[in-house]
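Try each task before you read its solution.

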Amino acid sequence: MRNDFAMLKIALNFVVNLVIILNLRPMKKLILVFLAAVSFSCGESKKENKTEMNADTRIEEKATPVETADAKVAEVTIEGNDQMKFNKSIIRVKAGQTVKLTLKHVGKMEKAVMGHNWALLTKDADMATVGQAAATAVDNDYIPADMTDKFIVHTKMLGGGESETIEFEAPEPGTYIFMCTFPGHYALMQGKFIVE
């Protein structure tokens with residue numbers, strides 16, 4: 001924070017000196033100072049933490065699998081944030097494994113504004129069709145009542161700071177799609193659930 005303030009102070013001093021040297025008119029001075037302040041305040045230095053997956057489960061995002069005493073259970077934690085992103089895009093499990101999946105909404109926004117869920121679709125489900133139908137299913141937590149056969153499992157819709165854990169048996173081998181069904185989120189919040 002102090003470094004950001006120091007950089008802003010240096011930038012503003014530079015702009016003021018530039019204004020003096022160039023002898024600009026008052027309105028141009030104001031615009032130049034404003035643009036300099038905006039350009040230096042737009043950077044963000046936060047880093048997003050990646051979480052690990054346990055129990056013989058791998059992802060392809062630099063996370064290493066962690067073996068547990070019970071290889072029949074895959075423990076997976078996935079996070080959704082206020083920038084409409086999951087922290088994982090690929091989850092790998094073994095066929096028949098019990099999957100214990102925890103969804104954490106690590107953002108701060110309320111469910112009505114930036115809700116997230118985690119939904120695993122069947123192989124024959126079309127993500128765009130499900131996503132568009134979900135947008136009108138507000139009374140059913142954005143799970144379309146006439147398309148429940150297209151879902152293997154899903155969490156409830158969560159608001160900022162909430163989490164939920166679900167357990168299910170991994171389906172037959174293949175590649176499945178997971179997504180968030182909140183209106184419009186599936187465009188960014190999706191990934192592959194690979195069963196080996």
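A salt bridge is a side-chain nitrogen of Lys or Arg within 4 Å of a carboxyl oxygen of Asp or Glu. The model is predicted, so local features need pLDDT of at least 70 and side-chain atom pairs count only at pLDDT 80 or more, while totals for chains, interfaces and linings use all residues. Residues are numbered from 1 along each chain as its sequence is written, and side-chain values use heavy atoms, leaving out hydrogens and water.

**Exercise 1. Trace the salt bridges of Glu 196 and find which residues are linked in a network.**

Step 1. Searching the whole structure gives 4 salt bridges.

Step 2. Take Glu 196 and Arg 92. Their closest N and O atoms are 3.1 Å apart. Glu 196 lies in the segment after E8 and Arg 92 in strand E2, so this pair ties together parts 104 residues apart in sequence.

Step 3. Now take Lys 94. Glu 196 forms a salt bridge with Lys 94 too, with the closest N and O atoms 3.7 Å apart. Lys 94 sits in the loop between E2 and strand E3 (98-105), 102 residues from Glu 196.

Step 4. Check the surroundings. Buried means under 20% relative accessible area, exposed over 50%, and partly exposed in between (1.4 Å probe, protein chains only). Arg 92 is buried at 16%. Glu 196 is partly exposed at 35%, and Lys 94 is partly exposed at 31%.

**Exercise 2. Give the strand order of the open sheet and name its edge strands.**

Step 1. Strands (E, at least two residues) and helices (H or I, at least four) are DSSP runs, numbered from the N terminus. Two strands pair if DSSP finds at least two bridges between them.

Step 2. The 5 strands run in the order E2-E8-E7-E4-E5, with mixed pairing. The edges are E2 (90-93) and E5 (151-154), each pairing on one side only.

Step 3. Look at one pair. E2 and E8 (residues 190-195) are parallel, over 4 bridges. Here Ile 91 stands opposite Phe 193 in E8.

**Exercise 3. Which residues of H4 are buried, and what do they pack against?**

Step 1. The buried ones are Met 127, Val 130, Gly 131 and Ala 134.

Step 2. Seen down the axis of H4, the directions from the axis to the C-beta atoms of its buried residues fall within an arc of 100°, so these residues line one face of the helix.

Step 3. The buried residues of H4 pack against E4, E5, E7 and E8, where contact means heavy atoms within 4.5 Å.
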